[in-house]
Protein chains: 2
Amino acid sequence: MSSSRQGILFILSGPSGAGKSTLLGALDKNRDFVFSISCTTRAPRPGEVNGKDYHFMQEDEFQKRLANHEFLEHALVHGNHYGTLRETLMKNLEQGVDVLLDIDIQGAAKVREYRGGEFLSHIADVFLTPPDTGILRKRLAGRATETPEALALRLRNAIGEMSHWKDYRYTILSTTPEEDHRQFRAIMDAERCISRRLNLELENG
Amino acid sequence: MSSSRQGILFILSGPSGAGKSTLLGALDKNRDFVFSISCTTRAPRPGEVNGKDYHFMQEDEFQKRLANHEFLEHALVHGNHYGTLRETLMKNLEQGVDVLLDIDIQGAAKVREYRGGEFLSHIADVFLTPPDTGILRKRLAGRATETPEALALRLRNAIGEMSHWKDYRYTILSTTPEEDHRQFRAIMDAERCISRRLNLELENG
């Protein structure tokens, strides 16, 4: 058999309280893909590893790469820059390596729209969300590490984000960590069977 | 949560020797869908149950329904008519019930093209195939219930059919019965997460 296939760009987004961190942790245990690693100008936190958690870089390097259009998407958050390098991503996809990009709704939109859709044929985007605002409320309140005001703001933001499920090809209504993981793996497996991504010559034994 | 979704029309095709019967048997054990049951004018074989294996009907009834355009697709095989009723199928899909249609390549093409694509948004079509002709040859020869001539014909037909994998959204390269089943279930699970099929109002707790 002569077989190969395109790499798939799995995008995972979801509001705070959807269970995204737990899902990413579960996916990390059976890694038949690579995580896309963002560049950032913020300082590493204790325990963070350069090249694993982020590509940490100085402001001037980030700006140089930005001017060179090396970022597929970038954002300024609390005074720090974050960005995804186009080159690294494309190289993986071209070599048939699947990439998982954990990114927010705005970032996902930028990746879809990049250069009129350069990545579209590679994308399998998944929105993980609590099934309703009641469950969202319970999950966020369960954390109890915030002031009531901060919690109310986080809740408001999360509800606003939930309305974006339709932007994604897939929506997972979060139930248990096991079930969320099972559904995401099903999506990965199914996407790997999509005929137009396959390069087969079945006729040759 | 207010949630509902469209029914999905899973189509399964594959050449002789692909392992389709085994897969159908495995799927039958966890039936969260209904099998589409064909109508036929051929006589029931021993053990076959009307309304389960087929809807058995007389020639005149079949012809009446045919004249009434009640069949989504139909075919004449060895002098017997076979056909799928549009009404039953559509009713299930509209009620959010998933349907599995085990059908050949020509039948699948007719279902896709029916009335300019009436069913297209419901369809998830899957092609199950041996990964190469060497494995196909081994599997068919393993049956050993045929004359060499009949086997050669079956092999030639199967190889011709294998070239149709690109007509299907998904291609499963058959390995073991367990793995074929796992992949088909993954496709079912993933298809049920497709956002455009969902009718959600997440904002209402």
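The legends below describe close-up views of a predicted model.

**View 1. Overall build of chain A.** Chain A contains seven helices and 11 strands. Its radius of gyration is 18 Å, close to the 17 Å that the globule rule gives for 205 residues, so chain A is as compact as a globular protein of that length. Along the principal axes, the C-alpha atoms of chain A fill a box of roughly 65 × 45 × 35 Å. Of the 205 residues in chain A, 33% are buried. Among contacts in chain A with a separation of 6 or more, 70% join residues 24 or more positions apart.

**View 2. The open sheet of chain A.** Five strands of chain A, in the order β3-β8-β2-β9-β10, form an open sheet with parallel pairing. At the edges stand β3 (34–35) and β10 of chain A; each has a single partner strand, so one side of each is left without a neighbour in the sheet.

View 3. Two bridges join β3(A) in the parallel sense to strand β8 (residues 99–102) of chain A. Within this pair, A:Val34 lies opposite A:Val99 of β8(A). The helix α7(A) packs on the sheet and touches β2 (9–13), β9 (123–129) and β10 of chain A. The direction of α7(A) makes about 165° with that of β9(A).

**View 4. The contact between chains A and B.** Chain A contributes 31 residues to the contact, and chain B contributes 31 residues. On the side of chain A that touches chain B, at least two residues each come from α5 (133–143), α6 (148–162), β10 (170–173), α7 (177–191) and β11 (198–200) of chain A. The largest share of this side, five residues, is supplied by α7(A). By residue class, the side of chain A that touches chain B comprises 16 nonpolar, nine polar and six charged residues.

Key:
Residues are numbered from 1 along each chain as its sequence is written. Chains are lettered from A and ligands numbered from 1 in the order in which they are written. This is a predicted model: local features need pLDDT of at least 70, side-chain atom pairs count only at pLDDT 80 or more; totals for chains, interfaces and linings use all residues. Two residues are in contact if their C-beta atoms, placed from the backbone, lie within 7 Å. Helices (H or I, at least four residues) and strands (E, at least two) are DSSP runs, numbered from the N terminus. Ala, Val, Leu, Ile, Met, Phe, Trp, Tyr, Cys and Pro count as nonpolar, Asp, Glu, Lys and Arg as charged, and the others, Gly among them, as polar. The radius of gyration is taken over C-alpha atoms; the globule rule is 2.2 Å times the number of residues to the power 0.38. A residue is buried if 20 or more other C-beta atoms lie within 10 Å of its own, exposed if 12 or fewer, and partly exposed in between; C-beta atoms are placed from the backbone. Two strands pair if DSSP finds at least two bridges between them. Axes are lines fitted to C-alpha atoms, for helices over the stretch in contact, and angles run from 0 to 180 degrees between N-to-C directions.
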